[in-house]
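Dear colleague,

I am handing over a structure that may be new to you. Please look at it first, and then read the notes that follow.

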Amino acid sequence: MLITIDPASPQPLADQVAASVRAALASGTAAPGDRLPSARNVAATLGINLHTVLRGYQQLRDEGLVELRRGRTAVIAGTADRFRLRLAEAAEEFARAALHAGASEEEALAAAREALLALRG
């Protein structure tokens, strides 16, 4: 799994690490049982502090998406499928609201992008 960050982003790096894993779950490129790269490897590859990566992994653990195993690596939890389902349900609800409002695909996507940017603040 490739974890990416944007050093120019105002979003904290740990949040970006967690968001990168969430995006992989949402897209299906990561699944329950998959191992995340070691925090040391991610830190070295991205040129960031080890504790920053660990904070991102801890966020995912707190959300129930990842199991942290002492001395080993982080593994995507079986509950991660629920994350994908919740995301799909939310997307469907948004799509229905956009269609009901008469928005075009471009308008709906622009509205979703704006909302995400506003929440990241």
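**Helix α5 and the rest of the chain**

Helix α5 is hardly covered, since one of its 16 residues is buried (buried means under 20% relative accessible area, exposed over 50% and partly exposed in between, with a 1.4 Å probe and protein chains only). This helix spans residues 105-120 and reaches 23 Å from its first C-alpha to its last, close to the 22 Å expected at 1.5 Å a residue, where the expected span is 1.5 Å times one less than the number of residues. After α5 comes Gly121, with a positive phi near 55°.

Please keep in mind that this is a predicted model, in which local features need pLDDT of at least 70 and side-chain atom pairs count only at pLDDT 80 or more, while totals for chains, interfaces and linings use all residues. Residues are numbered from 1 along each chain as its sequence is written, and side-chain values use heavy atoms, with hydrogens and water left out.

The protein chain has five helices and two strands, in the order α-α-α-β-β-α-α; helices (H or I, at least four residues) and strands (E, at least two) are DSSP runs numbered from the N terminus. Of its 121 residues, 28% are buried.

Thr52 lies in helix α3, residues 50-62, and counts as buried because its relative accessibility is 11%. Leaving aside residues up to four places away in sequence, Thr52 touches Leu13 and Ala14, contact meaning heavy atoms within 4.5 Å.

With regards
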